Structure formats: structure tokens, C-alpha cells
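I opened this complex to see how its chains are built and how they meet. My notes follow in the order in which I looked things up.

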Amino acid sequence: MDIVLILQMILAAVIAAVMYTIIGAAPGADETATIAPVTLVLVLSGVKPVIILAFFISAIVASKLIDAVPVSIAGIPAGVMSTPMVEHAMVLKKNGLTDTSIRKIASGAIIGTIVSVPVSLFLARALIPFSAVIKQYGDPVFFIGAILLALMSKNKWISLAAILPFALLIQGLRYLYWGIGVVPKGTNVFTSFFLAITIGPVILILFELLNKEKRDNMKRFDKKEIHLKKVEEIKKFPNPFKILTKKEVGYSALASLIGSVTFILSPVGLTTFLGELFSSRTKDPVEKASLAVATMEALAQATYFSGTLIPLVALGIPLSPMSIGPANPLFNAPPVFTLQHNMHHILTNSDFVWATVIGAAVAAAFTYFITVKYSRQICAFVFKRIPHEALLGLFFSLVLLLAFMDAGWINVAGVLLLGIVAGTLYRLGVNYGVLFMILYSAPWIIKTIAGQ
Amino acid sequence: MNNKNNDSKNNIEVWEDLVNIKDLVISLIICSVTTMGAYFIAPKQPPKPLLFGLFGAILGFVICSIIIKPKRVFIETDKEN
């Protein structure tokens, strides 16, 4: 590892930490929607894989850590992963402990990072011998994955029922593109389909707005009121181990360990389950709430690391909710990365370790400092200056761009169609994990039905 | 767009936050035009079109952030209770 490359990785990690400290504080900024498109663009523009990995790791640490701010100050989740924490953070807020809440969450994130980075890298190494067995099954693995995720989700039956029709739509579009010659036969349009699913719920609402009756019947709101309490300035650089009690450190570390091992399960489900389980035996409401937020944050960081690193290092195919969502461009971003040739095949073991450690360390140090020191200012800046309309415009235009690059103007319509269907299915209760797994298994499903 | 409904409740919820329909349409148009515009004026050798497109998207985002007001009201209180 030469010094120039290390400096480039540090630079990439710093850029990611700054960017996602801001983006991550915006309400509704889902990790798949914010991190995946940018990572995708980096991959497609030919940046060195090891630098992209450092960027990505820094991005996930920063965007998760900064969640502490909107959750604690305004009770607004900044993404799906922080939803389970809101209830507990509100208990602390009610007791006048907003600043404590921020510091406990940020410290939990540090514990989660320290525990899960070595554990995930170690587990990945240990799993390498089994990867051949898993890969033997190749394509059906994703079909089994879709069924498993469907069975584990809240709405089992609708999720199962959606698999075949949605696979048919995806392959139908691909065969159409081959038929009219906008892409060479055998080339699977992937990137823009992936983004179409991500932004599906938004596309569906945009179409609903075109219907006058629907538009007039939509629930109208006045401006959203956000109550912000002034918190005391923190003078010194706080030590995360001193902010947490011994019990909180212990439980956070244990939760991170469990989260690292169970990388294939849904991060949100796991966070809710373990967080509630660990805190349920504590009686005092304030003590309970602070234990819950620290544990949940530690666990969330751990599932991010394990869900990304274990499939990436050991398998090379995205087999966890994390790797099939935000981390997906590291596995599959044709023509640069494909399932046969991606970071798993290109990077060496020491590359993985360096990129992960640099990315995690830079983001943890930078965002942790910023979070505990300037939480109020960040929250005020994002809520006052960044309109939600601009964020939606940004996502929409990125999807438009990548749709056009994948297969021309016709694919813009194709992506809208896919978005409407994915958005409808999502509203009916099919979660992103199932939809993404269907996207991966569609070629196999259709070939198998056709008996080829 | 809908100017006769001129009461204060003009916002709808999209993706867990509030937007004004007219502002949303303006934002979608601005971002799409800057993104695709930058993509088409870029030199043709890859990855330049993609980088130009990305720059256009960010430019659109900045313009929208300046001309559109967020639909949030900030109420600052001194100290808890």
C-alpha cells in the first residue's frame, strides 16, 4: 500500500464524511437513496475500487452517526434505521436531556464501529471456505433470498405474490430493449432499474398528482413545526467511553457482536428487537431510554459493517439487506462491476482492511466531533436551508440521467413504469429487500419458467 | 397552479416531509434541465458526460435550495421548561 494511495483514501473518506454529515441530517434521507447513487457514479467514472470503498465506509458511518441530531433534537428520524430510536430519544427530550441523548447515541455509534469492524473482517475470512458452496447454487440463491426475505417480512403473502409478476415486468422490459435494439442482446439493464425501485414511492405520488381528483383529495398540511431547544455548549472533546455507563458500553458491545453475526437479517427488525430486549429489564425510564438509544445505534452501525463487508469479502454476491441496498454498487454496476468481477475479485485482503479502517476512522472522528459539538447549528442549517423539494429534484434528475445512459429515452419511460409498479407494491407492503432480490433473480426465474 | 385555495394548508407529504406541489414541479424541472443539459454539452469521451451530468444535478440542487423555501417552521425555546 503506497503512501499516495493512502492519502487519496483519506481524502475520499474526508469528502464522504463532510457530505454525509450534511445529507444525513435531512429528514427522510434514506441510505439507499442517498449513498447508492453517488457510489454508483464513482464506480462508473472509473475511480479506483479501494478509494471507493474508503468513501463508502466513511459515508455509512457519517450518515448513521449524524442521525443522533435530528432524532434527539426534533424527534424526526433521518432514515429508516433511526425510526426505532425516536420513541426513546423523546423520553430523554421530555426530561430535558436532549444533549445527553445526542452524546449517548454518538458514543453508541463509536462502540458499534470499534466492535464490528474487526468482527466483520474476521467473520468474512472465516466464511470464505463456504463461499464456494453458496456460489455453486449461483442464480437460484437470489430467488431463495427473495422468498426468505418475503417470509421474514411483515406482509408475507403480498410479498410472495409479487415475486413472479414483478420479475415478469423486469424481464419484459429487458427483452423489449433487446428486440428493438437499444441495448445489445444479453446485456441486462440494471443500474437504472435499481434506482427506479428505490425512488418508486416518489414516482407513484408524482403520477397521482396528475390526477385532479386524487390531487384535491390529498391530505393538506400547514408548515411542519419543529421545536428546537437550546442545549448547552460542550466545551471539551468528550470521550465516548466516559459518556456511557459501564452497563451501556457492555450492552452496546454485545449488541454489536450479535449484529455482526446476523448480517443476513433485516437491520431495522434486528435493531428494534434487540434494543427493546436489552432495555426492557431496566425500570427507570430515563436510564432505560439512554440504554436503548446507545444500544440501538451501536447495533445499527454493526449491521451496516457486517452487511457490507461479509458478503463483499467472503462471497462477492450481495446476500444481505445492506449489500443489496446501499452497498449494491460495490457488487454490481455494469459495465465496471458485475457479479463475476467486482470489488470481491479485485481487492486484496489488505486492501479491504485499509479501506475499512481509514473510512471508519475518518468518519467516526470527524462526525463524532461535529455531532457532539455543533449539533444545534447543523440541525438549524439543514432544516432552514435545504428544502425537501430540492432533495427530491436531485434524486429524480440522477435517476433520469442514469436511465438515459443505460438505454436511451425509451428507458426513461421504462424506469417510470417500473417506478409506478415498485411504488405500488411498496405501498401494498412489499419491502425494498424483496423488490431488490426479485431484480437480481428475474433472469433466472423467467428462464426457469420458460424451461430453458 | 391552484391559487383559489389560498388558505395556509398548501403542502402535501412526500417521502416523510412536506412539499408544495408547485415548488416540487419547479424543482423537478430545474434539476432535470440542468442535469440533462450538462450531460449533452459534455465532451463525448466517457466518463466526462456522467461527471458533467452529476455536476448539473448538484447545480440544480443548489439553485432550488436558493429559490425554494423549506416548509418547516422553526420554534426555538431557551431551555427545556
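These entries go from confidence to the chains, and then to the interface.

**Entry 1: confidence.** I noted first that this is a predicted model. The predictor gives the complex an ipTM of 0.88 and a pTM of 0.79. I then looked up chain B, which averages a pLDDT of 82. There, 80% of the residues score at least 70. Among the elements of chain B, α1(B) has the highest mean pLDDT, 95. The lowest mean, 75, belongs to β3(B). I marked residues 1-7 of chain B, where the pLDDT is below 50. Beyond near neighbours in sequence, I found two contacts for this stretch in the model. Where pLDDT is low, the predicted coordinates should not be read in detail.

**Entry 2: chain A overall.** I counted 21 helices and one strand in chain A. Its C-alpha atoms fill a box of roughly 65 × 60 × 45 Å along the principal axes. I checked the radius of gyration against the globule rule. A compact globule of 452 residues would have a value near 22 Å, and chain A has 22 Å, so the two agree. Of the 452 residues, 56% count as buried. For contacts in chain A with a separation of 6 or more, 81% link residues 24 or more positions apart.

**Entry 3: the core.** Which residues have the most contacts inside the largest nonpolar core? I found Ala54(A), Val399(A) and Leu435(A), in a core of 171 residues. Helix α20 of chain A, residues 388-428, gives the largest share of this core, 19 residues. Leaving out residues up to four places away in sequence, Val399(A) touches Ser192(A), Leu195(A), Ala196(A), Ile199(A) and Val415(A).

**Entry 4: Leu299(A).** I located Leu299(A) in helix α15 of chain A, residues 285-315. Is Leu299(A) buried or exposed? The cut-off for buried is 20 or more other C-beta atoms within 10 Å. Leu299(A) has 35, so it is buried. Not counting residues up to four places away, its contacts include Gly112(A), Ala255(A), Leu270(A) and Leu274(A). I also took one distance: Val115(A) is 184 residues from Leu299(A) in sequence and 9.9 Å away in space, C-alpha to C-alpha.

**Entry 5: chain B overall.** I counted two helices and three strands in chain B. Along the sequence the pattern reads β-β-α-α-β. Of the 81 residues, 36% count as buried. Residues 24 or more positions apart make 40% of the contacts in chain B with a separation of 6 or more.

**Entry 6: the β1(B)-β2(B) pair.** These strands run antiparallel and are joined by four bridges. In one of them, I saw Val14(B) partnered with Asp17(B) of β2(B). I then checked the faces of β2(B), and both are covered. Asp17(B) and Val19(B) are buried on one side, Leu18(B) and Asn20(B) on the other.

**Entry 7: the interface.** How many residues of chain B are in contact with chain A? I got 47, against 42 residues of chain A. The elements of chain B that give two or more residues to this side are β1 (11-14), β2 (17-20), α1 (21-41), α2 (48-67) and β3 (72-77). The largest share, eleven residues, comes from α1(B). By class, I noted 24 nonpolar, eleven polar and twelve charged residues on the side of chain B that touches chain A.

Conventions: Residues numbered from 1 in each chain as written. Chains lettered and ligands numbered in written order. Predicted model: local features only at pLDDT ≥ 70, side-chain atom pairs only at ≥ 80, totals over all residues. Contact = placed C-beta atoms within 7 Å. Nonpolar A, V, L, I, M, F, W, Y, C, P; charged D, E, K, R; others polar. Buried ≥ 20, exposed ≤ 12 C-beta atoms within 10 Å, placed from the backbone. Pairing = 2+ DSSP bridges. Core = buried A, V, L, I, M, F, W, Y, C linked by C-beta atoms within 7 Å. Rg over C-alpha atoms; globule rule 2.2 N^0.38 Å. pLDDT = per-residue confidence, 0-100.
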